[in-house]
Amino acid sequence: MEDSILEMKSITKEFPGVKALDEVTFSVARGEIHCLVGENGAGKSTLMKVLSGVHPFGSYSGDIFIDGVVQQFNGIRDSEKAGIAIIYQELALIPELSVYENIFLGNEIHNGLVIDTNKTIQEAAEILKKVGLDVSPEVKVKTLGVGKQQLIEIAKALKKEVKILILDEPTAALNETDSDNLMELIKGLKQHGVTSILISHKLREVLSIADTITVLRDGKTICTLDNREHLVTDSVLIKHMVGRSIDNVFPRREKIEPGEEVLRLENWCAFSPALGRDILKDINISVRAGEIVGIAGLMGSGRTELAKSIFGNPDRFRVSGTLWVKGEEQKFRSPGDAIHSQLAYVTEDRKGNGLILIDDVRHNITLANLKEIATRGIINENEEIVIASNYKQSLNIKTPSIEQKVRNLSGGNQQKVSLGKWLFVKPGVMILDEPTRGIDVGAKYEIYTIMNSLVEKGMSIIMISSELPEILGMSDRVYVMSAGKIKGELSADEFSQEKIMAMAVDY
Amino acid sequence: MSENPKILEERAPSFLSEVIGLLKSNISQYFMFIALIVIMIFFTITTDGIFISSRNISNLINQMGYIAVLAVGMTLVIVIRHIDLSVGYLAGFLGAFAAIAMTAWGLPVYAVIPMVLILGIASGLLTSTPIAKLGVPAFVSTMAAGLIFRGALLLVTMGTGTIIIKDKVFNAIGNGFIPDIPDFGFLDNNHKVTLLLGALGIILFILSAIKGRKTKLSYNFKVPSMPIFILELVLIAAIIGYVSWVLSGYNGLSWSLVVVLLVVAVFTFITTKTPLGRHIYAVGGNPEAAELSGISVSKITFIVFGAMGMLASLSGILYASRLQSATTTAGLGFETDAIAAAFVGGVSAAGGVGTIPGSIVGALVMMSLTSGMNLMGIDISIQYIVRGAVLVGAVIVDRATRKGK
Ligand SMILES: Nc1ncnc2c1ncn2[C@@H]1O[C@H](COP(=O)(O)OP(=O)(O)OP(=O)(O)O)[C@@H](O)[C@H]1O
Ligand SMILES: [Mg+2]
């Protein structure tokens, strides 16, 4: 056996009703990049939370060895002392604070009682250089894009003595350029002797960077693959992950002639009072029944703003232009109005504004359409249970029961709850914002299949996505956005990765 | 001992283990209720049974009416992540307003009560306008409103000082009891209508529970086993029966308890059974997600504060009626008691969590403490300290049991 820096032996972790980890064995060699893959709910995040002390010693069974020494972490502080740094699925930066304040949050450099600002800024600048980030340490974090924020998270981790760096889906919210930068950085850290554990659903990225890949399924270790020669293929990986092979990542759909126009925007502009600038400029798009229309573009190109401005404008942008839904001009004053006209919007940020995390699966699914299950103003809970159970089954939501709090579901299953919620409003046009972010291959396939069956029934889908393969694989037509404008429209027989990228970076 | 563990597992869970399982999974729900019973037993022992006497229980319940209705409203306000510091003075002011309307203007009580309730709603809506429309923190907006209502109370009572209320109907709300049928030689020492209503309550409860269980079964849903179901029925029936029996031993059901029961029933129904209730909890749980689900957060804010205002005016009516007068200090500190009751009853300041029955249990806990300590002759200074300690202790335990899940 080679020199292993970390060994986790027979780790079992149970939550009420779920065995999240079942005798998992996980071993990481010194200085390697080790990828952890598996379906949603397989237990990846949980395993890392056990390792970093979020789930403290005693709440699981099994042993953790670091450098051959058994460890008992009672909290994240303990694991930090042992040289472990973890970057979570969700960013944990404080937007109102500056870059350097964020980097040193909780570990302020001080002179007696006072913070030594100059020294902090100087050290922050050095760490930023290490992660290859060219920003002033004094700017506020909220002014930076997600890609840069992700690098700051890493900078924050690196200021301490880090032996093992854990990244839980760091690229889920990043565009391709930012992801590539991040991968380069991880490779660079490897040269400096840092061992990295990377969780990702982006298999291409996993295959290109991993030295070793461990696959988890249903809380069990399925296998550990040696990828130093880059010989593992995605079909092998997928087969281990989902337990069957998926030949085509994008399921086939019967080509049908699109129907009538169901949604149209003319000269649509939006001004954000909060930002003090125009965020959408002169947008003209049209969507027909039975179509999947992709909206491609870089992060920050205004795609989510476009979706929200259509969907009742909850952020109160100042909007001008005209919106037609099914041939009628509409002026929605709230998302409620939009839902009334059979629009649905599955948000990109399911935790922030998609779901009520402290509530259960059942209540979340019915929330946007309670009138459907209410007779004479009283909610029929039995009917509600039936409906929620049906969505649980048809969308294959992995949860011990529909009474489970959504907070306790894995990321991918939360996304399915979100999808179920909006399917229940029986929409005519559904806007999906990053529908497969953080979702495993198997579930992606399921979601694509659902999308296909919906458009076959005559529904229209507007799909915002940063994943070019997804845009290419699923859309009938694509609009490319850049800097709040539509840069072009491409049909299925003319689009390609290159053409889209060229438009997306054209400011 | 040597039984095969596998076979053990396959058996249906025993009665006891099912009970324990139910208790465990609902511990944070039952905890305060159990604590209430413990507190009552404690005071019964330390006061040689005076605490549990019909007379004392009846007094305790009638005294808590004006706080209980406030606690109901405050629960909703805290559920949607706000707070209302104005309700004490609003209650005081509207109580005085009612007194003036009856004594100085000579308006009939049947006109005054609806008028005051509508004024309460209007005040709540006004107070919440800056909150719902401009995002002013509720803390500030309601504190300001509280100052204004306090000023208004002083203003209207300036000439007169305490206003004595002579209207019999009005005063009966806080002091009267429902009528009884004449004695006929059976149970003459008890209030027979109260017992009858208690029995009626038990029958209605059992019928609705059986109906609910049948519907669930018709959907093929899992229901608790028969013994557990019966245990639950018996327990709740016993509680209703016992309370009516105790009350019937001393004048019977008071009008103020009737008011509280009605308020609790209506608000529990709204929060648990209607879309509006769901919307309130959704706004508390995640306002942005609620807004994107087609729920107007500002509309819900108005509704909740409007309801709070109405309940504050009801509280003012109950209080003025109980004292048979309006005083310059009426309402002082009511909001603190209501907030305490809600937190003891398990609401969370983070929003989206908290039930009406929970807050009523919270109000009962706080009232029992006051009443019990009064009976024991404990000095008021110590009483404040104990109540403070219980408040923070209850919230700590509540957080711990929730986390434990
Ligand atoms: N705090 C919790 N309480 C109850 N169940 C939990 C909790 N945390 C995780 N689980 C459950 O444990 C299982 C594993 O979850 P985990 O978050 O580790 O999955 P994952 O592999 O990271 O998935 P994803 O790719 O979707 O992020 C899931 O079934 C999840 O519902
Ligand atoms: Mg995860």
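1. Let's begin with the second largest cavity, whose lining is made up of A:Asn175, A:Glu176, A:Thr177, A:Ala296, A:Gly297, A:Leu298, A:Ser465, A:Ser466, A:Leu468, A:Ile500, A:Met501 and A:Ala504. In chain A, α6 (176-191), β15 (292-297) and α17 (497-504) are the elements that each supply two or more of these residues. The largest share, 3 residues, comes from α17(A). (Helices, H or I of at least four residues, and strands, E of at least two, are DSSP runs numbered from the N terminus.)

2. This is a predicted model, in which local features need pLDDT of at least 70 and side-chain atom pairs count only at pLDDT 80 or more, while totals for chains, interfaces and linings use all residues. Residues are numbered from 1 along each chain as its sequence is written, chains are lettered from A and ligands numbered from 1 in the order in which they are written, and side-chain values use heavy atoms, leaving out hydrogens and water.

3. A cavity here is a set of points, on a 1 Å grid over the protein atoms alone, where a 1.4 Å probe fits but cannot get out; lining residues have an atom within 4 Å of a point. Volume is the space filled by probe spheres set on the points, with grid points joined across faces, edges and corners. The structure has 4 cavities of 30 Å³ or more.

4. The second largest cavity holds about 100 Å³. Domain 1 (4-242) and domain 2 (258-342 + 427-507) of chain A both contribute to its lining, so this cavity lies between them. (The bounds come from an automatic or database domain assignment.)

5. The largest cavity holds about 160 Å³. Of its 16 lining residues, A:Ala172, A:Lys202, A:Arg437, A:Gly438 and A:Glu467 lie nearest the centre.

Terms used: 1 Å grid on protein atoms, 1.4 Å probe; cavity = no way out; pocket = protein on both sides within 12 Å on 5 of 7 lines; lining within 4 Å.
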